[in-house]
Amino acid sequence: MERETDVIIVGTGAAGLFCALQFPEETKVTIITKEDAESSDSFLAQGGMCMLRSEEDFDGYFEDTMKAGHYKNNKASVEVMIRSSQHIAQKLIDYGVEFERRNGELAFTREGGHSRPRILFHEDITGKEITGTLLEQVKKRKNIKLYEYTTMLDILCKDNVCYGLVIQMPDGKVDILTAPDTVLACGGIGGLYRHSTNFPHITGDAIAIALRHKISLQDVNYVQIHPTTLYTEKQGRSFLISESVRGEGAVLYNAKMERFVDELQPRDIVTAAIHKQMEEDGKPYVWLSMEHIAKEDILSHFPNIYKRCLEEGYDVTKECIPVVPGQHYFMGGIQSDLEGRTSMKHLYAVGETSCNGVHGANRLASNSLLESLVFAERAAEDVLKQKKQTQELRASEVNMSGNYKAAGELFTPEKYVDLEEFNQENKQMVRQEIERMKKEYEQQHNHDIKCG
Ligand SMILES: Cc1cc2nc3c(=O)[nH]c(=O)nc-3n(C[C@H](O)[C@H](O)[C@H](O)COP(=O)(O)OP(=O)(O)OC[C@H]3O[C@@H](n4cnc5c(N)ncnc54)[C@H](O)[C@@H]3O)c2cc1C
C-alpha cells in the first residue's frame with residue numbers, strides 16, 4: 001500500500017464509494033474498509049431510495065421528512081437532499097443501477113411516514129443493487145485503490161488539522177496513511193447493541209475518534225429503533241422486515257390477532273406501540289401478517305424476505321411472522337455542514353457517521369441512502385474546490401513529505417499496543433456519550449415542559 005495519497009475515504013458503503021467516484025482520474029483516492037468491501041449496511045438496504053417525483057410533491061416530501069424528524073431537522077439540509085434527489089437517481093442509473101420500472105417508467109413504492117409513494121426500489125434488495133453497482137464502478141477506476149480488512153484506529157491531527165489516519169493492516173500491524181483530505185464514511189453504531197439490524201463490526205469508531213480529539217458531535221441521543229425485525233432466539237444480526245411490506249398492506253396483530261396501531265405512522269411511534277403491546281401481551285414479539293398482499297406481489301417485490309422467513313420456518317404467503325423492534329439507524333453523528341465539513345480542517349464526514357440534521361430526531365424511511373449519496377457528492381466537490389482555491393498555500397502547508405513528517409511526530413505507536421483495550425475503550429466512550437446526551441435531553445425536555 002502507498003502510504004501517501006490525495007484523498008483517504010474510510011468505508012465502502014454507499015457514502016464512501018459514491019464519494020470516491022466523484023474524483024477525477026488525476027486525484028489519487030485510497031479507500032479502506034474494516035471487513036470485505038460488501039460488508040456494509042448499505043448492502044443490506046431493502047426498501048429503497050426516495051426521490052422527488054415532481055415539483056408538486058416537494059412540500060409533501062419536505063413535510064413528511066420534518067414530521068418524522070419531530071421538526072428537529074435542519075431545514076436547509078432537508079431542502080438540499082430533496083432538491084438533489086433526481087440528479088442523484090439519474091447518476092445511479094447512468095452507473096448501471098436498475099430500479100423497478102412499470103411500462104418503461106420508474107416505479108415507486110411507499111413506506112411508513114410517507115404521504116404518497118416516492119421510493120425507488122429494486123425488488124427488496126435495493127441496497128445491494130445500488131452499492132454493488134458503485135463497487136463495480138470503483139473497481140474500474142485506476143485512480144482509486146481499495147484495501148479490505150484495513151481498519152482506521154485513529155486520525156493523525158495537529159492544531160485541529162487532519163493529516164490522515166493510523167490504520168491496522170490485514171496482518172495486524174499498525175501503520176499510518178497520510179493525505180491532505182480525509183473523508184469518514186464509516187456508518188452507524190449498530191455493533192454496540194445486542195439486537196441490531198446492522199453489521200456487528202460497525203461500532204461507531206469515528207464517533208469515538210471524534211470524542212478523543214474534541215471534534216464536534218451532534219444529536220447523538222437520536223438512535224432509531226426499527227419497529228419490525230424478525231423475532232428469533234438465535235444470536236446475531238437481526239433480520240429486517242422492511243417498512244415497505246407495511247407500505248404495501250401488511251398489518252400488525254397482538255396476541256389476540258387484533259390490530260393495535262396504524263402501521264404507516266413514523267417508526268418511533270409504531271415502535272412505541274409495539275413495545276406497549278408486547279408488555280400487555282407478556283410476549284417478546286407481536287405478529288405481522290401479509291395476508292392482504294397478493295402472493296405474486298410478495299414473491300416479486302419481497303423475494304429476499306420471503307426466502308429468509310422460509311429459512312426460519314415461516315411461509316409469509318400463508319402465515320404471520322413474529323416481529324420485534326431492533327436498533328437500526330443513528331441519526332446523530334459527527335457534526336457536518338452541507339459540504340460534509342467537520343469542525344476539524346481537512347476532515348469530512350458523510351453518510352450515517354455524520355450529522356447535518358437532515359433526519360432530525362427520527363429518520364423517514366428510505367431517506368438515508370439518498371442522504372448518504374447527496375452529501376458524499378458535495379464533500380468530494382468541496383475537496384476539489386478547496387484544492388483549487390488554496391493550491392499554492394497547500395503546496396507548502398501540506399506537501400506530502402512535510403505532511404508525512406508532521407504525521408510521524410504525532411504518531412505514537414505505544415498508544416495502540418493493546419488494541420483490544422483500545423477498541424473496548426472506544427465502544428465504552430460512545431455508549432457513555434449517547435447515555436449522557438439522552439439524560440441531558442430528557443432533563444432539558446422536562447424543564448421545558450415545566451416552564452412552558
Ligand atoms: C437492514 C437495513 C436495511 C436498510 N434499509 C434501508 C432502505 O431501504 N433505504 C435507506 O435509505 N436506508 C436503509 N438502511 C440504512 C442505510 O443502509 C444506511 O444508513 C446507509 O446505507 C449508510 O451508508 P454509509 O455508507 O454511511 O455506511 P455503511 O453502508 O454502513 O458503511 C460503513 C462502512 O465503513 C466501514 N468501517 C466502519 N468502521 C471502520 C473502521 N474503523 N475502519 C475502516 N472501515 C470502517 C465498514 O466496514 C463499511 O464499509 C438500511 C439499513 C439496514 C441495516
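Modeller: Residues are numbered from 1 along each chain as its sequence is written. Because the model is predicted, local features need pLDDT of at least 70 and side-chain atom pairs count only at pLDDT 80 or more, while totals for chains, interfaces and linings use all residues.

Biologist: Why is S42 called buried?

Modeller: A residue is buried if 20 or more other C-beta atoms lie within 10 Å of its own, exposed if 12 or fewer, and partly exposed in between, with C-beta atoms placed from the backbone. S42 has 30 other C-beta atoms within 10 Å, and is therefore buried.

Biologist: What does S42 touch, leaving out residues up to four places away in sequence?

Modeller: S42 touches G13, A14, G127, T131 and L369; contact requires C-beta atoms, placed from the backbone, within 7 Å. S42 itself lies in helix α2, where helices (H or I, at least four residues) and strands (E, at least two) are DSSP runs numbered from the N terminus.

Biologist: Which residues come nearest to the ligand?

Modeller: Of the 43 residues around the ligand, G11, G13, G47, G187 and G351 come nearest. A residue belongs there if its C-beta atom, placed from the backbone, lies within 6 Å of the molecule. Elements that each supply at least two residues of this shell include α1 (14-21), α2 (41-44) and α11 (368-389).

Biologist: What makes a set of residues a nonpolar core?

Modeller: Its members are buried Ala, Val, Leu, Ile, Met, Phe, Trp, Tyr and Cys residues joined through C-beta atoms within 7 Å. In the largest such core, of 88 residues, I9, C19, V183, A185, V350 and A376 touch the most other members. Helix α11 provides the largest share, nine residues. A second, separate core of 24 residues includes L240, L252, V270 and V286.

Biologist: How do you know that β9 pairs with β10?

Modeller: Pairing requires at least two DSSP bridges between two strands. Five bridges join β9 (residues 161-168) to β10, and the two strands run antiparallel. In the open sheet, the order is β8-β9-β10. The edge strands are β8 and β10 (174-178), as each pairs on one side only.

Technical notes. Two residues are in contact if their C-beta atoms, placed from the backbone, lie within 7 Å.
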